[in-house]
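Dear colleague,

Please find below the structure that I am handing over to you.

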Amino acid sequence: MRPGRVLFAGHVGYIYQGGGYRVAGRSARRTQWQLPDGVYLNGVTMQKIRGQKPGHEAAERRLVQRYGARPIRAGEQPAAWLRDAVRDDPSVGLRLVQHRGCHRYLRVLGTARQAAQVKINRRLRADWASLDDREALPVGPYPKHPDRPNRGVPAARSAAAGRTVG
């Protein structure tokens with residue numbers, strides 16, 4: 001696989017849009033760790049390593065054998081190892097990619113009477129905050145195009161610039 005190749009460009013939720021779901025903004029922005037082959041080191045895997053939870057050994061072994069991270073040293077804190085031996089080591093080739101957050105959609109399930117009793121947090125979208133509680137929430141506007149791919153920044157260069165990432 002070529003480095004930097006976009007594996008999944010994202011989506012805007014056309015199925016949700018067609019089903020009449022309401023657009024409720026985006027989830028939180030986050031920085032993702034992209035490995036040289038385009039695979040993302042996800043948060044669950046990083047938490048397994050940091051907390052030494054079941055499965056951490058396989059994840060650590062993969063980072064060492066496949067991506068060239070140095071093995072964790074005896075007594076070394078796993079969070080420090082992730083930072084120093086994986087994120088900040090240029091030989092691993094990790095890139096930090098800013099993710100704008102996933103699109104969120106809402107749909108109230110049940111009968112119309114039950115749906116009318118559901119309270120939706122109107123702070124999810126700025127244009128909902130001004131609506132009266134008895135007013136129906138608008139359905140659109142829907143996003144039409146996926147976000148443009150973000151190539152990211154080599155993590156070692158980012159660390160040298162003094163940026164800190166989760």
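The notes below go from the overall fold to the nonpolar core and then to one histidine.

Please bear in mind that this is a predicted model. The protein chain contains 7 helices and 6 strands, and their order along the sequence is α-β-β-β-α-α-α-β-β-α-α-β-α. Among the contacts with a separation of 6 or more, 68% are between residues 24 or more positions apart.

Of its 166 residues, 27% are buried.

The largest nonpolar core comprises 17 residues, and W33, L41, L63, W81, L82, V86 and L94 have the most contacts inside it. At least two residues of this core come from each of α2 (43-51), α3 (56-67) and α4 (78-87). The greatest contribution is that of α4, with 4 residues.

I would also draw your attention to H56, which lies in helix α3. Is H56 buried or exposed? Its relative accessibility is 10%, so H56 counts as buried, the cut-off for that class being under 20%. The side chain of H56 makes a polar contact of 3.3 Å with the side chain of Q52. Once neighbours within four places in sequence are set aside, H56 is in contact with K48 and I49.

With kind regards

Technical notes
Residues numbered from 1 in each chain as written. Predicted model: local features only at pLDDT ≥ 70, side-chain atom pairs only at ≥ 80, totals over all residues. Heavy atoms only, no water. Buried < 20%, exposed > 50% of the residue type's maximum accessible area, 1.4 Å probe, protein only. Contact = heavy atoms within 4.5 Å. Core = buried A, V, L, I, M, F, W, Y, C linked by side-chain atoms within 4.5 Å. Polar contact = N/O pair within 3.5 Å; in protein donor to acceptor, adjacent residues only side chain to side chain.
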